[in-house]
Amino acid sequence: MKMPKLKGFEFWRNTLRGACYVVAPMVDQSELAWRLLSRRHGAQLCYTPMLHAQVFVRDANYRKENLYCEVCPEDRPLIVQFCANDPEVFVQAALLAQDYCDAIDLNLGCPQMIAKRGHYGACLQEEWDLLQRMIMLANEKLSVPITCKIRVFPEIAKTVKYAQLLETAGCQLLTVHGRTKEQKGPLAGVASWEHIQAVRKAVNIPVFANGNIQYLSDVERCIQKTGAHGVMSAEGNLHNPALFEGRNPVVWEMAEEYLEIVQKYPCPLSYVRAHLFKLWHHTLQIHQQLRDELAKVKTLEGLVAVNKELKLHCQEEMANLKEEDKPKGGLPFSHWICQPYVRPGPKETCKENGTNGMEGSNRGKRALEDEDDGNSDSLSKNKQKKKLRNPNKTFDPSLKPKYAKCDQCGNPKGNKCVFNLCRGCCKKRAFRETADCPGHGLLFKTKYEKSLLWKSNQSNLPDIEMIAQKGEMKETRLLKEPIDGVA
Ligand SMILES: Cc1cc2nc3c(=O)[nH]c(=O)nc-3n(C[C@H](O)[C@H](O)[C@H](O)COP(=O)(O)O)c2cc1C
């Protein structure tokens with residue numbers, strides 16, 4: 001007999017086992033291996049990275065790589081997150097995923113440009129009619145509950161109305177990230193627990209609080225302040241996967257355990273590298289050469305080797321610590337200890353947020369939502385990837401070589417062009433004037449003269465123009481069409 005679908009609190013208590021410590025959905029970072037590591041260290045519920053509903057429906061490989069081959073009995077309870085903007089597509093994707101998880105989550109929090117362009121995530125937070133239709137249909141058709149992850153509006157009252165609308169449509173659990181969609185990158189600032197508290201009071205479904213969680217003590221404070229049923233962590237978890245155990249272990253303990261899990265449950269090398277960059281963040285500030293190594297190696301074995309080297313360096317440093325330098329009481333915050341990364345945001349943001357009902361231990365922290373490896377402050381994701389491949393490359397625009405411009409079109413001109421033009425413009429001009437430009441390897445004049453010489457030596461050859469007129473274009477090509485670089 002088919003079990004009736006559990007709702008709201010029943011679903012949270014029974015299916016999710018009353019989970020309170022939650023690992024956030026994280027693109028390229030909450031993969032199976034990382035989830036297993038986090039679960040071993042206190043996480044009670046995990047989310048998959050956000051999956052694209054449309055791609056999930058049309059691409060069997062995408063389904064395999066991102067869900068079907070990522071199955072493991074210890075990895076439950078698990079919520080699969082999708083981004084979507086069409087009720088039918090969302091439900092089709094969810095139907096294909098529901099047998100592999102305990103609930104389907106709709107991402108309404110992604111604030112990135114890519115989400116805006118793709119019309120998903122936080123940019124849907126004003127489209128209440130569409131959201132209602134998506135959730136209602138999913139609630140009706142799926143055998144597992146539907147949940148949502150949202151960002152707040154600046155106004156508490158609007159945030160509450162929004163949450164109530166989602167609840168009425170059929171959402172069975174709500175995660176509230178206490179930042180607005182504008183609070184991203186360097187403007188992330190701190191999350192508003194006040195907004196989360198208001199939502200929690202106004203709805204009758206379980207609420208998870210998200211934002212500002214870096215230590216177990218933050219979890220306790222957050223629950224006290226907001227009344228949330230659970231607390232979700234992203235960045236805090238990436239820098240210390242033992243956060244929910246209330247421990248700050250040495251980095252290599254976590255890194256080695258993670259690498260062992262990856263051997264059993266492989267994932268793309270870029271995920272592993274990004275995890276190691278975050279775990280070793282503080283040590284890599286000191287051991288720069290190993291940072292370059294970590295960026296360069298191209299195999300899992302290579303990453304394991306760099307990890308070992310980092311560990312040896314740290315152990316050596318630990319052994320050489322003078323007695324008076326050893327930490328006395330409290331947490332030994334040396335660089336080899338898993339600890340939060342607090343990125344200073346712009347001063348104005350901190351000031352504003354400090355007087356705006358915002359609270360939490362991480363003022364000025366910048367969310368990593370726009371980032372990949374956490375080792376570059378202002379680079380785009382693509383540039384960060386390039387930097388991983390080529391760590392010595394500079395992305396400072398002021399250090400970029402300045403190119404002289406083509407006299408005609410403004411594109412960079414060829415350094416040795418006799419006409420001061422770019423290649424395209426040079427080719428046209430050299431052809432028109434039957435001239436040479438050795439700088440661009442264009443030799444129209446030389447070739448023309450050679451062909452004349454050849455013609456005069458072949459006195460029995462018919463006239464070239466005659467051939468052209470007969471439609472035999474071969475010789476004419478030799479005369480008229482540039483063949484680059486031929487002397
Ligand atoms: C690397 C990374 C990837 C993320 N990917 C997702 C995602 O796939 N879906 C989502 O809803 N949020 C995503 N987020 C946002 C987090 O889930 C979370 O809402 C945000 O980081 C705030 O929590 P924190 O203060 O604990 O970091 C991502 C965050 C990070 C750092």
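Reader: In which loop is the place of Arg-17?
Author: This is a predicted model, in which local features need pLDDT of at least 70, side-chain atom pairs count only at pLDDT 80 or more, and totals for chains, interfaces and linings use all residues. Residues are numbered from 1 along each chain as its sequence is written, and side-chain values use heavy atoms, with hydrogens and water left out. Helices (H or I, at least four residues) and strands (E, at least two) are DSSP runs numbered from the N terminus. On that basis, Arg-17 belongs to the loop between α1 (8–15) and β1 (21–23).

Reader: Is Arg-17 buried or exposed?
Author: Buried means under 20% relative accessible area, exposed over 50%, and partly exposed in between, with a 1.4 Å probe and protein chains only. Arg-17 has a relative accessibility of 58%, and therefore counts as exposed.

Reader: What is the phi of Asp-28?
Author: Asp-28 lies in the loop between β1 and α2 (32–40). Most residues other than glycine have a negative phi. In Asp-28, a residue other than glycine, phi is positive, near 65°.

Reader: Which residues does a cis peptide bond join?
Author: Most peptide bonds are trans. The cis bond has an omega of about -5°, and its proline lies in the loop between α4 (60–68) and β4 (78–83). The two residues joined are Arg-76 and Pro-77.

Reader: Which residues have the most contacts inside the largest nonpolar core?
Author: A nonpolar core is a set of buried Ala, Val, Leu, Ile, Met, Phe, Trp, Tyr and Cys residues joined through side-chain atoms within 4.5 Å. The largest has 110 residues, and helix α12 (residues 251–264) gives the largest share of this core, eight residues. Those with the most contacts inside the core are Phe-82, Ile-104, Leu-166 and Leu-174.

Reader: How many residues are in the second, separate core?
Author: Among the members of that core are Phe-419, Leu-421, Cys-437 and Leu-442. The number of residues is twelve.

Reader: What is the angle between the ring planes of Phe-153 and Tyr-162?
Author: Rings of Phe, Tyr and Trp (its six-membered ring) pair if their centres lie within 6.5 Å; planes under 30 degrees apart count as stacked, over 60 as edge-to-face and the rest as tilted. By this rule the count is ten aromatic pairs. Phe-153 and Tyr-162 are both buried. Their pair is edge-to-face, with 5.2 Å centre to centre and an angle between the planes of 75°.

Reader: What is the relative accessible area of Lys-149?
Author: Lys-149 is found in strand β6 (residues 146–151). Lys-149 counts as buried because its relative accessible area is 9%.
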